[in-house]
Amino acid sequence: MKNLILTTAALAVAGSMTFADAHTVVRLGTEGAYPPFNFINDAGEVDGFERELGDELCIRAELNCEWVTNEWDSIIPNLVSGNYDAIMAGMSITEERKEVIDFSDAYTQPDPSAYVAMGEVDLENAVIAAQASTIQAAHVAGMSGATLLEFASPDETIAAVKAGEADAVLADKAFLEPIAASDAELSFIGDDVLIGGGIGLGVRQSDTELRDKFTAAIQSMKADGSLNALITKWLPESSTF
C-alpha cells in the first residue's frame, strides 16, 4: 500500500491536543487520488474505502471529523506541523515512518504490490515507475539493475508506461487491478511483491489519546465483522481479518 521514504529534517513538533470534547474537530488528511482507497468523486467530495471507514470510525470514537486533502509527498510533514490531526491515505505502517509519527492498529492486512507493463519486461534491468515517497519506490531503488523513475501521483506512473517513458510500474495490486482490467494494453507481469505492513491511521506521536480512540474503534469493527464487510466491498481481492 501507499508507502515510505521520509524527508524528516526540520519537521516542526506540534503540541498535543485533547479530543475528549465532542466539539473539537478532528481533521482527517487524505490524498484523494488513490482509488479505491481514496478519491474525489463527481460531487467533489472525498470518497472510497477510507472515506466510508473513516466516517464510521469517527462515529464509534465519538469524534467530530472533517476531511481535508493534501498531496502525498508532504502528507507526513503537514501532519506533524498541525495542518490536520490524522492521516487516512493508504499509508502502510513501517518502522521508518514510526520514527516520525505514530499509528493506530492496522485496518487492512499487508497488501501485495505488483508490476504492470505493456508486454514482457526484464524487471531486473528495466526502467520502473513508482510514486515518490512510497515503499514501492524504495523497493525499486534497492534493485541492483533496475532504474527508478518517480512521479508525484499514481496516475502519472501509469501514463509513463503508456508513453514509453517507463517499462513497468510497481504499485499496490489493489490500485492496479481495475486499471489493468479496463486497459487491454496493460497486464500484470512477474510475481507479486510483499513489502510493508498493513495500513493504519497516522497521528502525531504526542496524540496518544487520538491514536487509542481510533485503535479502539478499529478493534470494535474487527470484532463485529463490519471492517471485513468494507474490505470485501471496496478491496475484494484483499485479505480480511
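Keep in mind that the model is predicted.

I'll start with Asp85. Where does Asp85 sit? Its place is the loop between helix H2, residues 75-80, and strand E6, residues 86-87. Buried or exposed? Asp85 has a relative accessible area of 0%. The cut-off for buried is under 20%, so Asp85 is buried.

What does the side chain of Asp85 contact? There are two contacts to show you. One goes to backbone: a polar atom of the Asp85 side chain lies 2.8 Å from the backbone nitrogen of Arg27. The other goes side chain to side chain: Asp85 and Arg204 are joined by a polar contact of 3.0 Å.

Next, empty space. Rolling a probe the size of a water molecule over the atoms shows where such space is left. How many cavities of 30 Å³ or more does the structure hold? One. The largest cavity holds about 70 Å³ of space.

What lines the largest cavity? Its lining has 11 residues. Nearest the centre are Tyr34, Gln131, Pro154, Leu170 and Ala171. Three elements each supply at least two lining residues: strand E9 (127-131), helix H5 (154-162) and strand E11 (168-172). By class, the lining has six nonpolar residues, four polar and one charged.

Tyr34 takes us on to a sheet. Strands of a sheet pair through backbone hydrogen bonds, either parallel or antiparallel. Here we have an open sheet of three strands, in the order E2-E3-E4, with antiparallel pairing. Strand E2 (33-34) and strand E4 (46-47) stand at the edges. Each has a single partner strand, so one side of each is left without a neighbour in the sheet. E2 pairs with strand E3, residues 38-40, over two bridges. Tyr34 has Asn38 of E3 as its bridge partner.

Last, the disulfide. A disulfide is a covalent bond between the sulfur atoms of two cysteines. The structure holds one. Cys58 and Cys65 form it, with their sulfur atoms 2.1 Å apart. Left-handed or right-handed? The torsion about the S-S bond is about -95°, so this disulfide is left-handed.

Cys58 has 4% relative accessibility and counts as buried. Cys65, at 23%, counts as partly exposed.

How values were computed: Residues are numbered from 1 along each chain as its sequence is written. This is a predicted model: local features need pLDDT of at least 70, side-chain atom pairs count only at pLDDT 80 or more; totals for chains, interfaces and linings use all residues. Side-chain values use heavy atoms; hydrogens and water are left out. Helices (H or I, at least four residues) and strands (E, at least two) are DSSP runs, numbered from the N terminus. Buried means under 20% relative accessible area, exposed over 50%, partly exposed in between (1.4 Å probe, protein chains only). A polar contact is a pair of N or O atoms within 3.5 Å; within protein, one must be able to donate a hydrogen and the other to accept it, and residues adjacent in sequence count only if both atoms are side-chain atoms. On a 1 Å grid over the protein atoms alone, a cavity is a set of points where a 1.4 Å probe fits but cannot get out, and a pocket is an open set with protein on both sides within 12 Å along at least five of seven lines; lining residues have an atom within 4 Å of a point. Grid points are joined across faces, edges and corners, and a volume is the space filled by probe spheres set on the points. Ala, Val, Leu, Ile, Met, Phe, Trp, Tyr, Cys and Pro count as nonpolar, Asp, Glu, Lys and Arg as charged, and the others, Gly among them, as polar. Two strands pair if DSSP finds at least two bridges between them. A disulfide is a pair of cysteine sulfur atoms within 2.5 Å.
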